[in-house]
Amino acid sequence: MLKQIVKTLLLAGVTGFIAFAILTVPDQAAEASIRGLSIWWESVFPTLLPFFIIAELLISFGVVKFIGILCEPIMRPIFNVPGVGSFAWTMGMVSGYPTGAKISSHLREEHQLTQIEAERLVSFSNASSPLFIIGVVAGGLFNDKKLGLLLITCHYVGNALVGFCMRFYGRTKEKGKKTEKQKVSLIRAFKEMHRTRLNDPRPFGQVMGDAVLNSVKTLVMVGGFIILFSVFTKLLYILNVSPAIASVVKHIFQILSLPEDLTLPFLSGLFEITLGSQMLSNISIDNLLAQMIIVSFILGFHGFSVQAQVASIISKSDIRFAPYFFARFLHAVFASILTVILFKPLYVNRQVFDMEDVPISTDVEQNIWFTITDLINHLGPIITIVFLGIAVFLLYRRRTTN
């Protein structure tokens, strides 16, 4: 009872303090809010929406079940999850967070995963997309697209290592459970796909409408978290909380032989990845390796903003947040260590080779990732408006028909 009273007072106090802080600096809070809204409006919504809709449709039509049976011999021995986890893992890497959590939660609701398997899958199926790492971080912020190969390799290899480590999570609870070993069969995979589709009684139009509505609802929630943490990070800086914590973190950086100037961007990156990466790119130091170590760390940690999105998505199921949170530290550490190991072979040596032997074009538009980023920036708001309108129309139709 006392614990709950303390929790109530703590939550009420923190919320009230944040509200008071916003009222004291409304102009800067509004500026941070608009910045977060701009990120969601122009990039996040139009980038993630197609992946969310397609994922919903593929699960409903049984395609994920088909892929899962074919990938069972790979996913089960390495990550100790069913083959359907390969879909969440792949989509999570291609489209970025929180797609992996969304798909994993959906698969759990469909009873294609146990609770332990879903918690393992969530821990490594969320990753930053290649579009963000190459187009935004490497090319847009650091203005050096060759850093993209280094960051992507460290990020995805580190993610796979997390998945391998998490395969041992919950094994004591599964001691009495025996996993059936079945041979890969296209016929069996097709039968399971067909059975999954037949078990869903909804007509095609309703399946399509539900896919759009569920995706838009999730992305609106994601947008709310982006805006909230954008404002929260700004308030921490204005109230000198971030600089105070940075002064403590400086001692840790000194032990690790990292520049003290990186402490404040590091703390900002723990809350919001884009902001932290932007602050790191604006610091003029000669130690690029140190900057890349910090970037890899915050990309692997995901930031509290993304973690809050994941927590909200999996809260609808029995998937617990603690394993995912622990895995974030593993991913951050693995990615940072890999950056130290691979910095010379994947960036320094490759940079020399490119400069001496291969003519590098300075035309940014020849890079596919810059082209995609530019296209999203131009069409993003239009896509957002159109699909928000479609979602409102579908909700209105359902209310009138019911």
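Student: Among the contacts in the chain with a separation of 6 or more, what percentage comes from residues 24 or more positions apart?
Tutor: The model is a predicted one. The chain has 17 helices and zero strands. Taking its contacts with a separation of 6 or more, the share from residues 24 or more positions apart is 79%.

Student: What percentage of the residues of the chain count as buried?
Tutor: A residue counts as buried when its relative accessible area is under 20%. Applied to the 402 residues of the chain, this criterion gives a buried share of 48%.

Student: How many residues of helix α4 are buried?
Tutor: Helix α4 spans residues 85-95 and is mostly covered. Its buried residues include Phe-87, Trp-89, Met-91 and Met-93, and the elements covering them include α2, α3, α5, α6, α7 and α8. Of the 11 residues of α4, the number buried is nine.

Student: Which residue just after α4 takes a positive phi?
Tutor: Ser-95 is among the buried residues of α4, and the helix covers residues 85-95. Just after α4, a positive phi of about 90° is found at Gly-96.

Student: How are α2 and α5 oriented to each other, roughly parallel or roughly antiparallel?
Tutor: The axes of α2 (residues 26-60) and α5 (residues 99-109) come within 11 Å and cross at roughly 20°. Angles under 35 degrees count as roughly parallel. The crossing of α2 past α5 is right-handed. The two helices, α2 and α5, are therefore roughly parallel.

Student: How many nonpolar residues does the contact of α2 with α5 have?
Tutor: From α2, the residues Leu-48, Phe-52, Ala-55, Glu-56 and Ile-59 meet Thr-99, Lys-102, Ile-103, His-106 and Leu-107 of α5. By class, this contact has two charged residues, two polar residues and, as for nonpolar residues, six.

Student: Is Ser-125 buried or exposed?
Tutor: Ser-125 lies in helix α6, residues 115-125. Leaving aside neighbours within four places in sequence, its contacts are Ala-88, Trp-89, Gly-92, Gly-100, Ala-101 and Ser-104. Because its relative accessibility is 0%, Ser-125 counts as buried.

Student: With the side chain of which residue does the side chain of Ser-125 make a polar contact?
Tutor: A polar atom of the Ser-125 side chain lies 2.7 Å from the backbone oxygen of Leu-121. The polar contact between side chains, at 3.4 Å, joins Ser-125 to Ser-104.

Terms used. Residues numbered from 1 in each chain as written. Predicted model: local features only at pLDDT ≥ 70, side-chain atom pairs only at ≥ 80, totals over all residues. Heavy atoms only, no water. Axes fitted to C-alpha atoms, helices over the stretch in contact; angles between N-to-C directions. Helix = DSSP H or I, 4+ residues; strand = E, 2+ residues; numbered from the N terminus. Parallel < 35°, antiparallel > 145°, perpendicular 65-115°, else oblique. Left-handed = near helix turned anticlockwise from the far one by under 90°. Contact = heavy atoms within 4.5 Å. Nonpolar A, V, L, I, M, F, W, Y, C, P; charged D, E, K, R; others polar. Buried < 20%, exposed > 50% of the residue type's maximum accessible area, 1.4 Å probe, protein only. Polar contact = N/O pair within 3.5 Å; in protein donor to acceptor, adjacent residues only side chain to side chain.
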